[in-house]
Protein chains: 2
Amino acid sequence: MNTAESVPKNPSSCSMSPLNLEEFRRQGYMAIDFIADYYQNIEKHPVLSQVEPGYLKNLFPKSAPYSPEPIETILHDVQKHIVPGITHWQSPSYFGYFPSSASTAGFLGEMLCTGFNVVGFDWMSSPAATELENIVMEWLGEMLTLPKCFLFAGNGGGVIQGTTCEAILCTLVAARDRMLSQIGKDNIGKLVVYGSNQTHSALQKAAHVAGIHKTNCRAIETTKSTSFALSPESLRLAICLDIESGLVPMFLCATIGTTATTAVDPLRPLCDVANSYGLWVHVDAAYAGNACICPEFQHFLDGVEGAHSLSLNAHKWFFTTLDCCCLWLKDPKALTKSLSTNPEYLMSNHATNSEQVVNYKDWQIALSRRFRSMKLWLVLRSYGVGNLRSFLRSHVKMAQLFEDLVASDKRFEVVVPRNFAMVCFRALPLAISKDVSENGMAVNGQKISYDQEYCSNQLNQELLKSINASGHVYLTHAVVAGLYIIRFAVGATLTEDRHVFTAWKVVQEHLDAITGM
Amino acid sequence: MNTAESVPKNPSSCSMSPLNLEEFRRQGYMAIDFIADYYQNIEKHPVLSQVEPGYLKNLFPKSAPYSPEPIETILHDVQKHIVPGITHWQSPSYFGYFPSSASTAGFLGEMLCTGFNVVGFDWMSSPAATELENIVMEWLGEMLTLPKCFLFAGNGGGVIQGTTCEAILCTLVAARDRMLSQIGKDNIGKLVVYGSNQTHSALQKAAHVAGIHKTNCRAIETTKSTSFALSPESLRLAICLDIESGLVPMFLCATIGTTATTAVDPLRPLCDVANSYGLWVHVDAAYAGNACICPEFQHFLDGVEGAHSLSLNAHKWFFTTLDCCCLWLKDPKALTKSLSTNPEYLMSNHATNSEQVVNYKDWQIALSRRFRSMKLWLVLRSYGVGNLRSFLRSHVKMAQLFEDLVASDKRFEVVVPRNFAMVCFRALPLAISKDVSENGMAVNGQKISYDQEYCSNQLNQELLKSINASGHVYLTHAVVAGLYIIRFAVGATLTEDRHVFTAWKVVQEHLDAITGM
C-alpha cells in the first residue's frame with residue numbers, strides 16, 4: 001500500500017485516516033486485550049529486566065518506516081522486543097522503590113483524558129477539566145482530613161501536578177519570591193533551603209533550578225535513634241547558624257514517609273520552629289500521604305495546619321497511573337503571583353475577567369496540561385473510600401506479614417520500625433559463615449580481613465544483587481547511617497499473600513547460597 | 001454492596017480488585033466504545049463549551065462516595081455532565097490556538113504506556129523505555145534533517161519532555177549554569193535572556209523560575225514589515241546595549257512558527273549574532289517544527305546548526321496526544337551537569353556505572369517519567385513517513401483553501417502571509433456599515449465616535465465572540481502591532497474540506513449580522 005505522497009481528500013472516511021473510527025475500535029479492543037494478557041502472564045517474566053545496555057538498537061531499523069505497518073506487526077514487536085526490556089512495576093513480585101499502582105479505573109480515566117485530549121491551560125479551554133480538578137482535590141483533601149485552610153472552601157486549594165519534583169519547584173519558587181519581595185531581588189544568594197539527609201533529591205534539584213546556591217541547601221543529619229526523622233532542635237540550630245552567618249532561611253521540606261525508610265518528620269514541632277523564623281513549610285507526603293485516607297494513619301499529619309503546602313503522589317499508592325501528584329496550598333495566590341503569565345491570546349475572556357474561576361496554568365510550570373483529574377475521579381468513584389482504605393490496609397497487612405517472617409529468622413533484622421507498607425531489613429553479620437569470620441572473605445577475588453560492618457554491607461549488597469538477578473522478585477536498597485539495607489515495599493496492585501511468602505523464600509534461599517549454609 | 005471495611009484476602013481474584021482482569025477487559029471495551037462514539041457524534045456539541053463558571057459543583061456530591069459506583073453510572077455522568085463542559089479540541093470545527101491532534105496510534109501508544117505504567121527514571125528502571133526513546137528521537141531528528149550534531153550518533157541527543165515550557169526551562173538552566181561557571185554564581189542578577197515580543201510566554205516564565213530578573217528579559221520589538229520575525233540587527237543592538245550596561249547576555253529563544261502568527265525567526269543570522277556573543281540559542285519550533293518532516297518546509301530550519309537546542313511539540317501537530325515535547329541538544333552534558341541527581345538508591349547499578357546508557361532523569365526537571373516514546377513510536381510506524389507528510393500537507397491545503405476564501409471577500413484581509421496551516425485574518429474597517437462610520441457606533445450601549453483602527457479591533461473582537469458563542473466553530477485571536485486578528489488554525493485530525501467551507505460561511509454570516517448588511 002503506497003498512497004504515501006497523495007493527499008487523502010476525506011481523511012476520516014479513509015481507512016488510512018489517523019482517526020478512522022472502525023480502526024479505532026478494532027485496534028482499541030486489541031490493545032485492551034494485549035494489556036489484559038500482559039497482566040495475566042506477567043509472572044512469567046523476570047521482574048527486573050535482564051537485557052544488556054543497547055539491546056534494542058539492533059532490533060529496530062535505523063530510520064522510521066516510509067510506509068505504514070499494521071498494528072498486528074507492531075504489537076508483535078512490543079511483545080517480542082519491548083516486554084523483555086521492561087522492569088515490571090506491575091508484577092505482583094515487584095517490591096522495589098515505591099509502588100506505581102495500576103487499576104482499571106485509573107486506566108479508564110487515562111483513556112478518557114487521552115480521548116478528549118483537551119489542553120486545559122485555563123478554565124475556558126475546557127471548563128470541565130478545571131472544575132473536576134477543583135472537586136476531586138476537595139474530595140481527597142477531605143478524605144485526608146486536611147485542615148479546611150488547604151481547601152478551596154477555606155480559601156486554599158488543590159492542583160494536580162505531574163510529580164513531586166514539580167510540586168516542590170513551584171512552591172519553592174513561590175516561597176523564594178515572597179522572601180525576595182521583602183529582602184530585595186539581589187539577595188537570592190542568601191536564601192537557605194532546609195531538609196534532612198533523608199529528604200528526597202527533588203528538593204536539592206528544585207532549589208538548584210530556582211537559582212538557590214548549592215551551598216545553601218541544608219541536609220540536616222538524622223540518626224537511627226529517631227528512626228531517621230528530622231529533629232526540630234537540629235533544624236533550629238541550623239537556622240540559627242545560618243542567620244548568624246547573614247543568610248536568610250526560606251524553605252523547609254518536611255517528609256511524611258521518606259524514600260529510604262518511610263521515616264516521618266514530626267510536623268508540629270518542625271512547623272513551630274520554621275514558622276517562628278518565617279520559613280515556608282512544604283510537606284512531601286509523596287508515598288505515605290496516600291495512607292492517610294485511613295483514620296489510623298492520620299495522626300502522621302498532626303500539625304499540618306502549620307505548613308504552607310502538602311503534596312502526595314496518587315500515582316504511587318492510590319491506583320492512579322503515573323503521573324498524578326496532588327498539591328494543596330493554604331495560599332494559592334502566593335503561587336499564582338510567581339507563576340502567572342497572561343499572554344494576549346489567553347486574556348479577555350469573561351470567565352477569567354469575572355475572577356470566578358481557577359486558571360491552573362498559573363499554578364504550575366507548564367502552560368499546557370492534561371485532564372488528569374479524570375483518572376483520580378474514576379478511582380474515587382469506582383472503588384469508593386471504603387474499598388480504597390481496604391486496599392491500602394491489605395498492603396500494610398502484607399508488609400506486616402513480611403516483617404514477621406524477617407523477625408522469625410535470626411539471620412536477619414528489621415532495621416527501623418515499619419510505619420506503612422514498607423519493611424527495611426538486612427542480613428546480619430552473623431549470617432556470614434564461621435569460616436569467613438575466622439579467615440576473612442574474598443571480595444572480587446581478593447581476600448580481605450573480616451570487618452563486621454563492612455562485611456554486613458557487602459553481604460547485603462551481594463544478597464540483593466543475587467535476588468534481583470534471579471528475576472523472581474525485585475527489591476531495592478538504601479544506605480542509612482552507613483548501613484546498607486534492603487527495602488521491601490508492598491503496593492503493586494496484583495500482589496497477594498502468596499507473593500510475599502515466595503519473596504521471603506527467595507530471600508532466604510539466596511542468603512543460604514551466598515553464605516554457603 | 002458494603003464490603004468496605006473488610007480486607008479482601010485475594011485481591012486479584014476478587015471482582016472488587018482494582019485489577020480484576022475480566023473487569024479490565026469489559027470496562028476497557030466500554031471505554032473504547034465511549035470514546036469512538038464521542039468522536040462519531042462530536043459535531044453535535046458546541047465546539048466551545050457554553051457552560052457557566054461553577055456549573056459542575058452542584059452536579060456532584062460534596063464528598064467522595066464511600067461505596068463503589070458502577071462504571072455504567074460513571075460513564076453516564078461523563079456524558080451528561082462532563083462532555084458539556086468540554087471545549088472540543090478534537091472537533092473537526094476546532095480551529096483555535098494550535099491543534100492538539102489525536103490519532104488511533106497515539107491513543108494506543110498512550111494505552112500501552114499506561115498499561116506498563118513503568119517509572120522510567122533511569123535505564124535500569126525499564127531499559128526499553130529509555131532505549132525506545134533514544135531510537136525514536138533519532139528517527140524523528142533524521143526525518144527533520146537535523147544536523148547530526150543534534151543526534152546521539154553525533155554526540156548530541158534527544159529527550160521527550162512534557163511541554164515546551166519544561167524544555168525551555170531545562171535548557172535555560174543549563175545555559176545559566178554554563179555562564180555562571182564563568183562569571184561566578186553571585187552574578188545571576190546580570191544574566192539577560194532574549195526573545196522577540198512574539199516569543200511564547202514560556203520563555204519569560206522559565207527565566208523567572210530560574211531566578212533571572214524580570215527586568216533582564218528582553219522582548220525585542222518586531223514589525224509587520226518582517227511579518228513579526230525577530231531581526232538579527234535588533235538582537236545585536238539589544239545585546240550591545242546590555243553589555244554596555246554591564247549585563248551578561250546569556251540565552252536567545254528563536255521561534256519557528258510563533259503563537260500569534262506563525263512567524264519564523266531567521267535562524268542563521270540570529271545564531272551568527274548570538275554565537276558571536278556566546279549566547280545559548282534555543283529554537284522553539286513547538287507547532288511548526290512538525291511540518292519540517294516535509295522537504296518543502298525544511299528551509300525554515302536553515303542555520304539550525306548554529307543553535308544549541310531545538311524543541312517541537314509532537315502533541316500539537318504530530319498525532320501524538322498531549323504531552324510529548326521532543327527536545328534535541330548538541331551537548332546533552334551541559335544539561336545533565338545542571339540536572340543530575342544521584343541519590344544512593346539509584347546509584348551503583350552496572351549499567352549506569354558502565355556509562356553505556358542514558359539516564360533521562362538527568363535530562364529533565366522531574367525524576368519520574370512516563371514511557372512517552374511508546375506513542376511517538378506507534379505514530380511513526382502505524383502511519384509511516386509518507387502518510388505523515390500527507391496528513392500535514394492536507395492541513396496546509398485546507399488552510400490555503402480558507403486563505404483563498406478570505407481573499408475572495410473584500411470585507412476581509414489576510415493580515416500576514418501564511419507559512420503553515422494557520423491563517424491570520426480580520427474584517428476590514430470597511431465592513432462597518434456606512435451608517436456607523438458616519439454616525440459613530442454603540443459599544444456596550446454607549447455611543448462613541450468613529451475611529452478606524454479602534455473600530456476595526458472592536459469589530460473583530462465582536463465578530464469572534466459572536467462566532468464562538470454560536471458553537472459552530474471555534475477560532476481564537478491575537479493582537480499584533482495593535483491589530484486584533486483572528487486566527488484560523490487547521491490541524492484537528494477529523495477536519496475535512498467541508499468543515500473549512502462551513503467555517504467560512506459562519507464567519508461571513510456573523511459579519512453580516514454584526515454589520516447589519
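Leaving aside neighbours within four places in sequence, A:K316 is in contact with A:F98, A:P99, A:S100, A:S101, A:A286, A:Y287 and A:N290. The residue belongs to helix α9 of chain A, which covers residues 314–317, and an unreviewed UniProt entry places at A:K316 the feature "modified residue: N6-(pyridoxal phosphate)lysine". In this predicted model, A:K316 has a relative accessibility of 17% and therefore counts as buried, the cut-off being under 20%.

As regards confidence, the average pLDDT of chain A is 93, and 91% of the residues score at least 70. Residues 1–13 of chain A, however, have a pLDDT below 50, although this stretch makes 30 contacts in the model beyond near neighbours in sequence. Where pLDDT is low, the predicted coordinates should not be read in detail. For the model, the scores are ipTM 0.94 and pTM 0.94.

Chain B is superposed on chain A by a rotation of 180 degrees with 0.0 Å of shift along the axis, at an RMSD of 0.0 Å. This is the relation of a two-fold axis. Of the interface residues of chain B, 100% are also interface residues in chain A, so the copies meet through the same surface.

Apart from residues up to four places away in sequence, A:R176 touches A:I188, A:L191, A:A210, A:I212 and A:M250 in chain A, together with B:H208, B:V209, B:A210 and B:G211 in chain B. With a relative accessibility of 1%, A:R176 counts as buried.

Two strands, one in each chain, were examined for burial and pairing. In chain B, five of the five residues of strand β7 (residues 325–329) are buried, so the strand is largely enclosed by the rest of the structure. From β7(B), B:C325, B:L327 and B:L329 point one way, whereas B:C326 and B:W328 point the other way, and all are buried. Strand β1 of chain B (residues 157–161) runs antiparallel to β7(B) and is joined to it by five bridges, with B:V159 standing opposite B:L327. Five bridges also join β7(B) to strand β6 of chain B (residues 309–313), again in the antiparallel sense, and here B:N313 has B:C325 as its bridge partner.

In chain A, six of the six residues of strand β9 (residues 422–427) are buried, and this strand is therefore largely enclosed by the rest of the structure. Strand β8 of chain A (residues 412–414) pairs with β9(A) in the antiparallel sense over three bridges, and A:F412 has A:A427 as its bridge partner. Four bridges join β9(A) to strand β13 of chain A (residues 483–489), and these two strands run antiparallel; within this pairing, the bridge partner of A:F425 is A:I486.

Notes. Residues numbered from 1 in each chain as written. Chains lettered and ligands numbered in written order. Predicted model: local features only at pLDDT ≥ 70, side-chain atom pairs only at ≥ 80, totals over all residues. Heavy atoms only, no water. pLDDT = per-residue confidence, 0-100. Contact = heavy atoms within 4.5 Å. Buried < 20%, exposed > 50% of the residue type's maximum accessible area, 1.4 Å probe, protein only. Pairing = 2+ DSSP bridges. Least-squares fit on C-alpha atoms with pLDDT ≥ 70 in both. UniProt positions renumbered as here; feature names shortened; annotations may be inferred.
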